[in-house]
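Visitor: I'd like a close look at a single part of this model. Please keep it brisk.

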Amino acid sequence: MSTTSTRTTRPVLAIVAGVLAVQAYGGAIAILTGTIDFGSVITGRFPFGSPVFAAVALAAIVGIPMTVTTWCAVIGHRWTQQAAFVSGALLVGWIAVQMVIIQTFSWLQPTMVLSGLLVIGLRVARRTS
């Protein structure tokens, strides 16, 4: 990837990963506070039947890795490419596992899968110098 391409891709990656991180933390907070109520049937399908566990897992599995990717992209860290791949893959995996566990479909699930794939696709090539 050229230097020009790297300069334009990194800010886009930072924005996309940053928005996804904020959404993950917001979702975790909404689950913790009960702002999002999945109902007793879906909540009963959560591991340990616990919305707290689900919220912490969302923040840990999606929020933190997307935050790391954002930070790496902002500062131009040499691990940006790896961070983007891992965080994007974790988001896609999160949605796959979520669909198996809660056995419910939402329009948000394919949107988040596409977002995770976008993060993977926006990986920044390593500098060879």
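Visitor: Which exposed residues does the face of helix 5 turned away from its buried side carry?

Guide: Some ground rules come first. This is a predicted model, where local features need pLDDT of at least 70, side-chain atom pairs count only at pLDDT 80 or more, and totals for chains, interfaces and linings use all residues. Residues are numbered from 1 along each chain as its sequence is written, and side-chain values use heavy atoms, with hydrogens and water left out.

On that face of helix 5, Leu-114 and Gly-121 are exposed. Exposed means over 50% relative accessible area, buried under 20%, and partly exposed in between (1.4 Å probe, protein chains only). Helices are DSSP runs (H or I, at least four residues), numbered from the N terminus.

Helix 5 has 14 residues. From first C-alpha to last it reaches 20 Å, close to the 20 Å expected at 1.5 Å a residue. That expected span is 1.5 Å times one less than the number of residues.

Its buried residues are Gln-109, Met-112, Ser-115, Gly-116, Val-119 and Ile-120. Seen down the helix 5 axis, they fall within an arc of 145°, so they line one face. The arc is taken over directions from the helix axis to the C-beta atoms.

Val-119 also belongs to the largest nonpolar core, which has 23 residues. Such a core is a set of buried Ala, Val, Leu, Ile, Met, Phe, Trp, Tyr and Cys residues joined through side-chain atoms within 4.5 Å. Val-119 is among those with the most contacts inside this core, including Leu-20 and Met-66. Helix 5 (108–121) supplies at least two residues of the core, as do helix 1 (3–33), helix 3 (51–75) and helix 4 (80–102). Helix 1 gives the most, with nine residues.
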